[in-house]
Every structure is written in C-alpha cells, then in structure tokens.
Amino acid sequence: MPDFAAMRRAMIDGQVRTGNVTDLRVIAAMLDLPRERFVSPDKAELAYVDLDLSVGGSGRPARWLLKPMVLARLLQAAQVREGDRVLDIGAATGYSSAVLGRLAGSVVALEEDPDLAQAAKRTLAELGLGNVTVVNGPLRVGWPKGGPYDLILLEGATEIVPHHLQAQLKEGGRLLCVLRRGAAGRAMLYRVQAGELSGWPVFDAMAPVLPGFEQVPEFVF
C-alpha cells in the first residue's frame with residue numbers, strides 16, 4: 001500500500017516550497033488533503049507527481065488537475081481570505097475546490113462534465129467540506145446566480161482574456177488563470193477596479209486549455 005502521507009509531504013517539499021510558495025495556509029491545506037482521493041484508483045500513485053493529471057474525457061472534452069506547484073502559486077497570488085466567496089471554474093473532480101474550501105468562506109465548484117461533477121460532490125462530502133457547493137453547467141458562462149464573487153479561479157488555461165466574467169466579480173474582486181498564447185503561458189492576476197478589469201502576469205506557467213476558453217480562429221478572406 002503506497003504511503004500517501006509521505007508522498008504528500010514530498011510533493012510539498014519538492015514542488016510547492018521549491019516553487020516559492022510560502023503561504024502557510026495554502027501549504028497546510030495541500031498537506032492535509034488526500035489528493036489521491038480525487039483521481040481514479042489506477043492513477044492514485046500518480047496523484048502527487050509534477051504534472052497536469054488527466055481525470056476524465058472519455059467521449060467528452062479532456063479534463064485535468066493542475067500541477068500542484070501551479071495551483072499552489074495561483075492560490076498564493078490570489079491571497080484567499082477566510083470570508084471570501086469563490087467561484088472555481090473547471091472544478092473537475094473537486095481537488096482545487098477542496099483546497100479553496102480550506103482557505104475561503106464558501107466555494108461554488110463549477111463543472112460541466114456531469115460525471116466529474118458527481119464524483120466531486122461525493123468526494124467533497126466524504127471529506128466533510130460542507131462549504132463547497134458543486135454545480136453543473138458550461139464553464140465559459142460561469143455561475144452568475146451565485147455571485148458576485150470575491151475571487152474566481154480558472155482550473156486550467158484560457159486563450160482569451162476572460163472579460164466576460166467581470167460582471168460576476170465584486171469591485172476589487174480577483175480572477176486568477178493561466179493565459180496561454182500558443183506555446184507560451186503566464187499565470188495572470190486580474191482585478192476589478194473602478195468597473196474595469198485589469199491584469200498583470202505573476203509567473204510563467206502552462207496548463208491545458210479549459211473547454212469554452214479556446215481562441216476562435218479569425219476568418220481570413
């Protein structure tokens with residue numbers, strides 16, 4: 001039987017801390033949560049490796065858990081507060097939502113794949129994360145009925161600047177994502193200030209693109 005607690009500690013020491021993550025709340029949440037519970041049994045031993053881990057996609061768009069270091073750095077940049085209301089877009093099996101649930105006041109976990117959403121509900125309930133609500137719907141649309149939010153996290157990359165989600169953020173609210181441009185990508189922090197969404201890069205990163213967040217090719221005559 002794998003020693004998942006030891007693997008979790010190795011993930012923190014070898015990936016998260018070495019990735020310049022110093023937020024003790026983020027570290028404690030990731031150290032405590034059993035990431036192996038959010039993947040299929042045949043992938044449990046891969047749950048703590050340094051890669052984007054596939055968790056679905058049979059007949060549907062592929063879905064992934066972000067690399068632990070990328071997720072940790074995004075959460076550190078987000079400066080999640082205990083009273084924050086958070087929208088986690090692309091929750092997949094719920095790992096990122098679980099971590100957010102340990103940091104924020106309440107979390108809406110949005111997933112469009114019904115099987116993944118059901119798996120997330122089951123695992124989050126088993127772990128006692130009652131402040132996380134799983135909802136099923138198109139990722140690109142967000143979940144306006146639960147807003148406005150203090151924070152929106154995209155659990156994956158976007159090829160478009162997510163201006164369309166601004167209306168779901170409070171004034172001063174933050175949006176964290178990986179903005180992908182071809183073979184290059186950057187983690188971005190966006191903030192609503194005076195009714196405008198402005199953003200700046202926080203670190204270089206790559207991630208699989210979320211369904212609905214692809215750049216539509218321009219028609220050329």
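Modeller: A residue is called buried here when its relative accessible area is under 20%, and exposed when that area is over 50%. With that in mind, and remembering that this is a predicted model, let us turn to helix H5, which runs through residues 114-126 and has 13 residues. From its first C-alpha to its last, H5 reaches 18 Å, close to the 18 Å expected at 1.5 Å a residue. The buried residues of H5 are Leu-116, Ala-117, Ala-119, Ala-120, Thr-123 and Leu-124. These residues lie on the same side of H5, because they cover an arc of only 160° around the axis. The covering over them includes strand E1 (53-56), strand E2 (63-65), helix H4 (95-103), strand E4 (106-111) and strand E5 (132-136), whereas the face of H5 turned away from the buried side carries the exposed residues Ala-125 and Glu-126.

The two ends of the helix come next. At the N-terminal end, Asp-113 caps H5, with a side-chain oxygen 3.0 Å from the backbone nitrogen of Asp-115, and just after H5 comes Gly-128, which takes a positive phi of about 75°.

Finally, H5 also takes part in the largest pocket, whose volume is about 270 Å³. Of the 15 residues that line this pocket, the closest to its centre are Arg-37, Phe-38, Val-39, Ser-40 and Pro-41. E1 and H5 are the elements that give two or more residues to the lining, and the largest share, four residues, comes from H5.

Methods:
Residues numbered from 1 in each chain as written. Predicted model: local features only at pLDDT ≥ 70, side-chain atom pairs only at ≥ 80, totals over all residues. Heavy atoms only, no water. Expected span 1.5 Å × (residues − 1). Buried < 20%, exposed > 50% of the residue type's maximum accessible area, 1.4 Å probe, protein only. Arc of directions from axis to C-beta. Contact = heavy atoms within 4.5 Å. Polar contact = N/O pair within 3.5 Å; in protein donor to acceptor, adjacent residues only side chain to side chain. 1 Å grid on protein atoms, 1.4 Å probe; cavity = no way out; pocket = protein on both sides within 12 Å on 5 of 7 lines; lining within 4 Å. Points joined across faces, edges and corners; volume = space filled by probe spheres on them.
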